[in-house]
Amino acid sequence: MATMSSTAGSSEVLSNHINGRVVSDISTTSNGSATLPGTTKSAPSRYRHVAAVHSRPRTSCLSHDSEQAPSFLGFRNLMVLVLIVMNLRLVVENYMKYGVLICIRCHDYRRQDVILGAILYALVPCHLFVAYIIELVAAHHAKGAVGRAKRNNVKPQNSAEVAKSFRSTWRNIAWAHGINATLSLAVTSIVVYSSIHHPLIGTISEVHAIIVWLKICSYAFTNRDLRHALLKPDSASSLPDLYSTCPYPRNVTLGNLSYFWWAPTLVYQPVYPRSSSIRWLFVAKRVAECLSLGVFIWFASAQYAAPLLHNSLFKIASLDLPSILERLMKLSTISIITWLAGFFAIFQSALNALAEVMKFGDREFYTDWWNSPSVGAYWRTWNKPVYHFMKRHIYSPLVARGWSSNAASAWVFVFSGLLHELLVGVPTHNILGVAFIGMVVQIPLIFVTLPLEVIEGISGKVLGNCIFWVSFCLVGQPLAALLYFFAWQAKYGSVSKNQNH
């Protein structure tokens, strides 16, 4: 007992000298015996080996019925380190096999491609000006109809003659907008497919044409409804309060359309929420991010993706399925890294920089799509500008016309598949239908993973998230890239001059 007392006293003295505070967890009982946290005080000191370690029911921390959810911070750090080490190994292996493959002069940037791409990029926005002229004529007719109705004390909707006259005008305006929008996309697609050889220049031209086409469609659809509200004042109450500061036709101005042209959105509104000032340092940071990531994507594509794709050509030609699967798994790593870099460069850096310059207030260009519990949740969250266009101008009008939500959603994916095929097939001069099928296949995946969103607990969400990542990383992008690259090589051979020798 004296020994135990002296030990306790030594512990007390030691604890009093640590940072000037008593921090010892050892306590003493009335009889001088020492106890440790979590042990009972009833056992005498000479019987310490009989302490009740298992004193109550407890669960493993990874079990579903655990009292507290464990933190996975350490596993996250481990996964990041593993990814870094694995990719560094690929960097070393790639360098040992191929050396440095980065070469600007090696690529076949033909003069014709650059000239045609520049002409298309300059001419496509002219269709927006044509849309403005068409809407200006429509606004003039609408104001004339309202003026005649006021002079005659007759509401336009109650006048059969006025209604019939303006119905024909609306039909002509709709045709004019439709022809103008179709030409903006069709001419670019034909020129890119037939005359622009380099796929990067063709892709830039095609992306620009699709964006302008979607903007023209939104401008025409929105102004049609605003015109309808002007002619039928009883329906004007359904318009958002935000639009009251710029009612139709005051919004039909060249400045208003020019702002929509540059605004980081595909949905036209007469008025947008605006920020008060421009933070030029914020713009500089976002531009620097965008340029840095662009260089990284180019480096990763040329140094790592290109050799993998070239090494896969013979395996695809011989239909060596195990080797093709192995190449897909290799390609999936660089594919997802490149895609994530592109996502950040566009949606976080470029669009935020553009929004800051345009003082565009609503900057929710995406939400946490990486946590998507289903495939459908991913498509609703990862690209908000396109999602807003599809919902506002395709899905909602179809539902309003009596379509079921499933049928309207299916048509949205069919329409999106057509755009994806134009975006990939036209610049590569191979309309394979792979991009279209890839979008259409999302429909059954959405229905399969939709119930997982409503399952109680985290199990369903984790399973849905895993299905999304597997379908996206291992099957979707790598397979599409492999097939289009194979078709390109089969048709033209390599783009690089060095690889032609």
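Helices are taken here as DSSP runs of at least four residues, numbered from the N terminus, and by that convention Glu356 lies in helix H9. The model is a predicted one, and the protein it describes has 16 helices and two strands. Of its 501 residues, 38% count as buried. Among contacts between residues at least 6 apart in sequence, 72% join residues at least 24 apart.

Because buried means under 20% relative accessible area, Glu356, at 2% relative accessibility, falls in the buried class. Leaving aside neighbours within four places in sequence, Glu356 is in contact with Ser277, Ile278, Arg279, Phe282, Val283 and Arg363. With Arg363, Glu356 forms a salt bridge in which the closest N and O atoms are 2.5 Å apart.

In total, the count comes to six salt bridges, where the criterion is a side-chain nitrogen of Lys or Arg within 4 Å of a carboxyl oxygen of Asp or Glu. One of them is formed by the side chains of Arg227 and Glu135, with an N to O distance of 2.8 Å. This pair links distant parts of the chain, as Arg227 belongs to helix H6 (residues 199-231) and Glu135 to helix H4 (residues 126-151), 92 residues apart. Arg227 is buried, with a relative accessible area of 2%, and Glu135 is likewise buried, with a value of 0%. A salt bridge is also found between Asp225 and Arg224, whose closest N and O atoms lie 3.4 Å apart.

The nonpolar interior was examined next. In soluble globular proteins, nonpolar side chains tend to be buried together. The largest nonpolar core of the model has 64 residues, and those with the most contacts inside this core are Trp213, Tyr219, Tyr378, Trp379 and Trp382. Helix H6 provides the largest share of the core, with ten residues. Trp379, one of the residues with the most contacts inside the core, touches Tyr387, Phe413, Met439, Gln442 and Ile446, not counting residues up to four places away in sequence. Apart from this core lies another, of 13 residues, among them Leu308, Leu309, Leu313 and Phe485.

Rolling a probe the size of a water molecule over the atoms shows where empty space is left. The second largest pocket has a volume of about 750 Å³. This pocket is lined by 17 residues, of which Trp370, Asn465, Cys466, Trp469 and Cys473 are the closest to its centre. Helix H9 (321-358) and helix H15 (459-492) each supply at least two residues of the lining, and H15 gives the most, with eight residues. By residue class, the lining of the second largest pocket divides into twelve nonpolar, four polar and one charged.

Several features of the backbone remain to be described. Most residues other than glycine have a negative phi, and most peptide bonds are trans. A cis peptide bond, with omega of about 5°, joins Tyr248 and Pro249, and Pro249 has its place in the loop between H6 and helix H7 (254-262). Lys359, although not a glycine, has a positive phi of about 55°. Lys359 is located in the loop between H9 and helix H10 (375-381) and is partly exposed, with a relative accessible area of 26%. A positive phi, near 60°, is likewise found for His429, a residue other than glycine. The position of His429 is in the loop between helix H12 (405-425) and helix H13 (434-440), and at 4% relative accessibility His429 counts as buried, whereas Lys359 is partly exposed.

Definitions and conventions
Residues are numbered from 1 along each chain as its sequence is written. This is a predicted model: local features need pLDDT of at least 70, side-chain atom pairs count only at pLDDT 80 or more; totals for chains, interfaces and linings use all residues. Side-chain values use heavy atoms; hydrogens and water are left out. Buried means under 20% relative accessible area, exposed over 50%, partly exposed in between (1.4 Å probe, protein chains only). A nonpolar core is a set of buried Ala, Val, Leu, Ile, Met, Phe, Trp, Tyr and Cys residues joined through side-chain atoms within 4.5 Å. Contact means heavy atoms within 4.5 Å. On a 1 Å grid over the protein atoms alone, a cavity is a set of points where a 1.4 Å probe fits but cannot get out, and a pocket is an open set with protein on both sides within 12 Å along at least five of seven lines; lining residues have an atom within 4 Å of a point. Grid points are joined across faces, edges and corners, and a volume is the space filled by probe spheres set on the points. Ala, Val, Leu, Ile, Met, Phe, Trp, Tyr, Cys and Pro count as nonpolar, Asp, Glu, Lys and Arg as charged, and the others, Gly among them, as polar.
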